[in-house]
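Look at the sequence and the model below. Then read on, one region at a time.

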Amino acid sequence: MIRLHDTMARSKRVFEPADPKRVTIYVCGPTVYNRAHIGNARPPVVFDVLARLLRHTYGQDSVVHAANVTDIEDKIMAAAAAEQVPIEVITERYARFYFDDLAALGVPKPDVVPLATGQIPEMIAMIGRLIEAGHAYAAEGHVLFDVPSWPHYGRLSRRPMEEMIAGARVEVAPYKRSPADFVLWKPSSAEQPGWDSPWGRGRPGWHIECSAMIEAHLGETIDIHGGGLDLEFPHHENELAQSTCAHGGAPLARYWLHNGMLSMAASKMSKSLGNVVSVGELLARGDKGEALRLALLSAHYRQPLEWSDQLVAQSKATLDRLYRVAGDAEAGEADPGVVDALADDLNTPLALSRLSAIDHRPTLRASAALLGLLGEASTSWFQGEGDSRVDSLVAARAEAKKRRDFAEADRIRAELADQGIVLEDGPGGTIWRRA
Ligand SMILES: [Zn+2]
């Protein structure tokens, strides 16, 4: 039995999917215009553990995990203008970095990764339905969601309207009927990227993309909607309003999960390196991806997490010890104590302490896999010191092949080939060497 803390209910609830053969989970993804901060990696790592638990419980093929990529947004346009390149140059570059960073942290690509620019017709259709239903209006090339038209607005974040207006940092705009109204569609100038719509050439607001993608790929009501606590308001409140109003009152998600924020313990970061914060920088200085992953899972996901060099060093030491115990054993059956800890609202600190007490090698390997840990053979973990990024990518490729995601496996092989790394698949796993 899995229990999850549901933000909407403000309590832990027994998890019951609508259809145990198709458990649906959606997590808001990145806006791709710069390198991912280590804090940006917390939600993908946390919700990857949840997806592993759900697959363990309901079956490998019974979970559909979706996460979007926002590839049209004003910050992207600003980055493209600064480099004088089309937005695709920016978005493709940083999406690649993002998924490579996550692969190094043992996070496979979700089953469905829709791009905002690939979903414009669905967004336009949903906006049209919101206008028809009296929940949105067009004004001066914009379309706005009419917040007072839906009396339940604010029920997820439970904030008073005045605070929500201030929190949304709403610009004073003459075309808004209420200051709380938010943008569904906005006009683009001739130089700006844009798409034709019934309201003129323009581009979508940020919130509508998640509602349209969830509808297109997962359905009107999903089992789990996840994301960082910073998205609860206004982003998730707005998604909820849009989807519910577009679907005649059908709820958007049966369970809402939010992870706590990561803070930097600035004084504890090593002085020589300064405030190292991006995943790419941490990997480049030699931190192992799996150690970063373990560090991100060291606190309960709902709690804040203070990031420091010491935390990474401790996590590395813990993994060294676990790899020594596990040796090169094959995975067996997972330990019920570890499964129970994760089933209790993803209690990763308890799961990790139970993991440390396991001395049966196949049980340790299988239990660690639920947390996405011990992804390598022990020999390669200890041999590979200094080559952690290559090891992590090789492990991510093995994961992809296990999931039968051969496109992703081939992509990782090609990426390593670009770096002069040759892979050789054998009966005992994959070994790599420099060409
Ligand atoms: Zn979203």
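## Val14 and its contacts

Val14 touches Met1, Ile2, Arg3 and Tyr255, leaving aside neighbours within four places in sequence. Contact here means heavy atoms within 4.5 Å. Val14 sits in strand 2 (residues 11-14). Helices (H or I, at least four residues) and strands (E, at least two) are DSSP runs, numbered from the N terminus. Val14 is partly exposed, with a relative accessible area of 33%. Buried means under 20% relative accessible area, exposed means over 50%, and partly exposed is in between (1.4 Å probe, protein chains only). The C-alpha atoms of Val14 and Ala166 are 35 Å apart, and 152 residues separate the two along the chain.

This is a predicted model: local features need pLDDT of at least 70, side-chain atom pairs count only at pLDDT 80 or more, and totals for chains, interfaces and linings use all residues. Residues are numbered from 1 along each chain as its sequence is written, and side-chain values use heavy atoms, with hydrogens and water left out.

## The zinc site

Which residues coordinate the zinc ion? They are Cys28 (SG), Cys210 (SG), His235 (NE2) and Glu239 (OE), at 2.0 to 2.2 Å. Donors are N, O and S atoms within 2.8 Å of the metal (3.2 Å for Na, K and Ca); water is not among the atoms, so sites may look incomplete. In sequence, the donor residues follow the spacing C-x181-C-x24-H-x3-E. Cys210 lies in helix 6 (residues 206-217) and His235 in helix 7, so this pair ties together parts that are 25 residues apart in sequence. Cys210 and His235 are both buried.

The angles among the four donor atoms run from 81 to 129 degrees, and the site is irregular. Four donors count as tetrahedral if all angles lie between 85 and 135 degrees; four count as square planar and six as octahedral if opposite donors are over 155 degrees apart and all others between 65 and 115; anything else is irregular.

## Helix 7 meets helix 4

Helix 7 (residues 232-246) also packs with another helix. Its axis comes within 9 Å of the axis of helix 4 (residues 120-132), and the two cross at roughly 70 degrees. Axes are lines fitted to C-alpha atoms, for helices over the stretch in contact, and angles run from 0 to 180 degrees between N-to-C directions. Helix 4 and helix 7 are therefore roughly perpendicular. Angles under 35 degrees count as roughly parallel, over 145 as roughly antiparallel, 65 to 115 as roughly perpendicular and the rest as oblique.

Helix 4 brings Met126, Arg129 and Leu130 to the contact, and helix 7 brings Gln242, Cys245 and Ala246. Pro234 is also in helix 7. The peptide bond from Phe233 to Pro234 is cis, with omega near 0 degrees.

## Helix 11, a buried helix

Six of the eight residues of helix 11 (residues 336-343) are buried, so it is largely enclosed by the rest of the structure. The buried ones are Gly337, Val338, Val339, Ala341, Leu342 and Ala343. Their cover includes strand 1 (3-6), helix 1 (42-58), helix 12 (348-356) and helix 13. Just after helix 11, Asp345 has a positive phi of about 50 degrees.

## Two loop residues

Gln84 has a phi near 55 degrees, a positive value in a residue other than glycine. Gln84 lies in the loop between helix 2 (74-83) and helix 3 (87-104). Is Gln84 buried or exposed? Gln84 is exposed, with a relative accessible area of 74%.

Leu374 has a positive phi near 55 degrees too. Its loop runs between helix 13 (361-370) and helix 14 (378-383). Leu374 is buried, at 6% relative accessibility.
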